[in-house]
Amino acid sequence: MERTRTAKVWKNLKKINESTAQCLLCPKKISCKGSNTSGLDRHLQRVHNISRNQPPEESTSVTQPGTSCEPE
Ligand SMILES: [Zn+2]
């Protein structure tokens, strides 16, 4: 069960060894000792604005063209 949850971060991070992961989006290496991915999650969120729950490719377009219903 844990495997599917942690798999998401490995889309943007590559594990180098037991305790270190390499970010694929920047040259930073993040410690993930004891298969603890919370640091990786935090890095993705804070540095790359990637949330665990929303995939980076799915860009939610807030601005919708052609939906201007202004009274003027
Ligand atoms: Zn990074």
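# Zinc site, sheet and helix in a predicted model

S2 and S3 form a hairpin with five residues between them. The model is a predicted one. Its three strands make an open sheet, ordered S1-S2-S3. Helix H2 packs on that sheet. A zinc ion is held by two cysteines and two histidines, Cys23, Cys26, His43 and His48.

**Sheet**

- The pairing in the three-stranded sheet is antiparallel. S1 and S3 are the edge strands, each pairing on one side only. Direction ignored, neighbouring strands are turned by 35 degrees against each other on average.
- S1 covers residues 13-15 and S3 covers residues 29-31. S2 covers residues 20-23.
- S1 and S2 run antiparallel and are joined by three bridges. A hairpin of four residues links S1 to S2.
- Lys14 stands opposite Gln22. Lys15 has Ala21 as its bridge partner.
- S2 and S3 also run antiparallel, with three bridges between them. Here Gln22 stands opposite Lys29.

**The two sides of S2**

- Thr20 and Gln22 point one way from S2. Ala21 and Cys23 point the other way. All four are buried.
- In a regular strand, side chains alternate between the two faces of the sheet.
- Ala21 and Cys23 both belong to the largest nonpolar core.

**Helix H2**

- H2 spans residues 38-48. The helix touches S1, S2 and S3. Its direction makes about 140 degrees with that of S3.
- The buried residues of H2 are Gly39, Leu40, Asp41, His43 and Leu44. Their cover includes S1, S2 and S3.
- An α-helix has 3.6 residues a turn, so residues three or four places apart point the same way.
- Just after H2, Asn49 takes a positive phi of about 60 degrees.

**Zinc site**

- The protein donors are the SG atoms of Cys23 and Cys26 and the NE2 atoms of His43 and His48. They lie 2.0 to 2.3 Å from the zinc ion.
- Angles among the four donor atoms run from 107 to 113 degrees. The site is tetrahedral.
- Along the chain, the donors follow the spacing C-x2-C-x16-H-x4-H.
- Cys26 is in contact with His43 and His48, leaving aside its neighbours within four places in sequence.

**Burial and core**

- Which residues make up the largest nonpolar core? There are ten: Val9, Leu13, Ala21, Cys23, Cys26, Ile30, Cys32, Leu40, Leu44 and Ile50.
- S2 and H2 are the elements that give two or more residues to this core.
- In soluble globular proteins, nonpolar side chains tend to be buried together.
- Is Cys23 buried or exposed? Cys23 is buried, because its relative accessible area is 3%, and the cut-off for buried is under 20%.
- Cys26 has 18% relative accessibility, so Cys26 also counts as buried.

Notes
Residues numbered from 1 in each chain as written. Predicted model: local features only at pLDDT ≥ 70, side-chain atom pairs only at ≥ 80, totals over all residues. Heavy atoms only, no water. Donors = N, O, S within 2.8 Å, 3.2 Å for Na, K, Ca; no water. Tetrahedral: all angles 85-135°; square planar, octahedral: opposite > 155°, others 65-115°. Buried < 20%, exposed > 50% of the residue type's maximum accessible area, 1.4 Å probe, protein only. Core = buried A, V, L, I, M, F, W, Y, C linked by side-chain atoms within 4.5 Å. Contact = heavy atoms within 4.5 Å. Pairing = 2+ DSSP bridges. Axes fitted to C-alpha atoms, helices over the stretch in contact; angles between N-to-C directions.
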